[in-house]
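Open the model in your viewer and have the selection tool ready. This tour goes from one contact to a whole interface, then to a single residue.

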Amino acid sequence: MNSIDYWNDLEELRRRKPLIHHLMNFVAMNDAANITLALGASPIMAHAAEEVEELVSIAGALYINIGTLDREWIESMLMAGRAANKNGVPVLLDPVGAGASRLRTETARRILAEVEISIVKGNGGEIMALAGRSGLTKGVDSLGEAEMDVVDLVAREFGATTVATGPVDHVSNLKQRAEVMNGTPMLQLVTGSGCMLGSVMSSFLATSRDPFKAAIEGLVAFEVAAETAVEGSDGPASFKVRLIDEVYKLNKDSFARAKVRIL
Amino acid sequence: MNSIDYWNDLEELRRRKPLIHHLMNFVAMNDAANITLALGASPIMAHAAEEVEELVSIAGALYINIGTLDREWIESMLMAGRAANKNGVPVLLDPVGAGASRLRTETARRILAEVEISIVKGNGGEIMALAGRSGLTKGVDSLGEAEMDVVDLVAREFGATTVATGPVDHVSNLKQRAEVMNGTPMLQLVTGSGCMLGSVMSSFLATSRDPFKAAIEGLVAFEVAAETAVEGSDGPASFKVRLIDEVYKLNKDSFARAKVRIL
Amino acid sequence: MNSIDYWNDLEELRRRKPLIHHLMNFVAMNDAANITLALGASPIMAHAAEEVEELVSIAGALYINIGTLDREWIESMLMAGRAANKNGVPVLLDPVGAGASRLRTETARRILAEVEISIVKGNGGEIMALAGRSGLTKGVDSLGEAEMDVVDLVAREFGATTVATGPVDHVSNLKQRAEVMNGTPMLQLVTGSGCMLGSVMSSFLATSRDPFKAAIEGLVAFEVAAETAVEGSDGPASFKVRLIDEVYKLNKDSFARAKVRIL
């Protein structure tokens, strides 16, 4: 695993243009769809109970994000997740706001219990909440970084490759562990930046089907683009525009910036 | 029809500032509202059963877009459509994702059956799906261009001016046919670009009340703005910003770029 | 009150980073969250009946915006509002589209009747509709400016600090009145600009807990940023990007532009 061929895998992604079925929150839908297109995959947003199973069955990956959940959406998420499992479509879960309300913590845990999740990715506070450690979130923002032992705990309980983002991102599937040190603090000033990262990661997941590798590839692709984007940005809004443009412009040289430590 | 006075009609639109009632998907709501304002019309997004009839009755046009539909929204779309017919308000339908799921194909056909639609506008795959030819969509993206005979088929079955977008856009109301050759491939990398086009077209429809002319005017205005916007863009996100700015800046000279063939 | 220390209060806001619970319309959710982050506060969007009470109880302010309302959302708004009152969390209401439909006018009035509102902020037409004067709205756009006597009327009936935006913004809590003369007409060409202003105002409200002062601070911070943003903008979309960037860059000198008259 110490020789991920990022560029080869991105070229493969762009060749295949996998369909990424999103059950995405209202806040980040537009940005998530746009970054998926910019990367080279094909997004669809669909939540109706009457169509999620059909659409999942033709998707390359399913991305469930609980950022603005309610009862009906939760049912659709579970239905889509089960259909994905049945069809062998990998699923990424972003437990947005786990730890901030019981509904979010419980919904995230319920989805992890009832659906086989390939990757669960959250900020430090959310992953800690999934591990049963509370008090480290402020709404949907994280107040702390998750250490690898907490990431391991979640990976063990739910059998999913687990990613805790932060200044250093931690990735574990218990057999392998990695730290990614790319990115910029400006990402915290853009709403839904984590949601966009989930779209990028889901696109790699649809391509390589190796959750541990896809998690690292998604982190690196998104965060090296962010590093380039922040140069010449005038604030968080121009940064977001540049971030999507830089994802579009990712090329072989971009990945020389990767700062990954496989443990 | 070989002498559309684009500039005169845009000036008239800006003078009247028609209210465009949108039943728009969640993904494109913000961009659709912003491009409507940039063009010179006045958007409103409203979906509650308790208010759609009242709001439609004061609108210049109703724009129904099924991009993120569910049972309740479908009921509101039908209710709004019937109210528009009753009040003589023209309706544009964008059958987003027709062909991708039964729900979308059937909903689009049901709206076309129960509501008198002035313009139905979709990408090639969606229009082909309405014509009963499947397999040419990938989620909400099109995999093929619709030929004029397919556009005619849909126009005949539903009695609506039909528009199939693509590298060449096809427009037909059976009595008249047109091809529009403006635009840029970058539009395919922006989510909801077709939805934004629908807002622009609906605004012209509210102004001129001639669906065939409004369809061409909407295509030309949107696509010449896109051609200017792509110059100097750094990727799809800066392109989208520039696209809305260029729609705002449309002037008499802009329409010299129009590449329209009336057949 | 003729010596508001804008900069001190903004520094305090950035130090505390209050959580602003939004029940926001779909159109403006992304921009509202981003401007809240850019200012220095922390947004959360949450509408599920199962979590609004819990989230309100940890928020610094609750911001209710009825821009895309329906039956379920209205129930959540009332539930969140009552929970805010119980927990001493101040509430800002934006009655988007009051006057455009009975549902919106009645919902705004119902929330004002059942929830103790610290600030009600709308455009001229909306505030006039709350005062029982109709015919001055076009969808969600205002066709007229509210005079101070109308603002007073609303302030008296509902016991809330009342803000009517326009070329000149009027603020009244009956004991004190102010006019703010900052801003740019470009704001009317950006959908949800009023919604973003509500986020900024709610963030100041969470910080100072003085509704009259927070209303003025929000208006000034937002509108001086807009004045700087419009310089060098190429149209409404680049203006919006610059607006959020300028809110991020607000500093001590920015407030020299404040044009406030305390009456």
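Select Arg102(C) and Glu54(B): they form a salt bridge, with the closest N and O atoms 3.9 Å apart. A salt bridge here is a side-chain nitrogen of Lys or Arg within 4 Å of a carboxyl oxygen of Asp or Glu. Between chain B and chain C the count is four salt bridges.

This is a predicted model: local features need pLDDT of at least 70, side-chain atom pairs count only at pLDDT 80 or more, and totals for chains, interfaces and linings use all residues. Residues are numbered from 1 along each chain as its sequence is written, chains are lettered from A in the order in which they are written, and side-chain values use heavy atoms, without hydrogens and water.

Now show chains B and C together. In contact (heavy atoms within 4.5 Å) are 31 residues of chain B and 31 residues of chain C. The area buried between them is about 2,500 Å², and carbon and sulfur atoms give 55% of that. Buried area is the accessible area (1.4 Å probe) that two parts lose on being put together, summed over both. Next, pick Asn30(B), Leu37(B) and Glu54(B): they supply 20% of the area that chain B buries against chain C, more than any other three residues.

Finally, go to Glu51(A), in the loop between β2 (42-45) and α3 (52-57) of chain A. Helices (H or I, at least four residues) and strands (E, at least two) are DSSP runs, numbered from the N terminus. Beyond its neighbours within four places in sequence, Glu51(A) is in contact with Ala46(A), Leu69(B), Ser101(B), Leu103(B) and Arg104(B).
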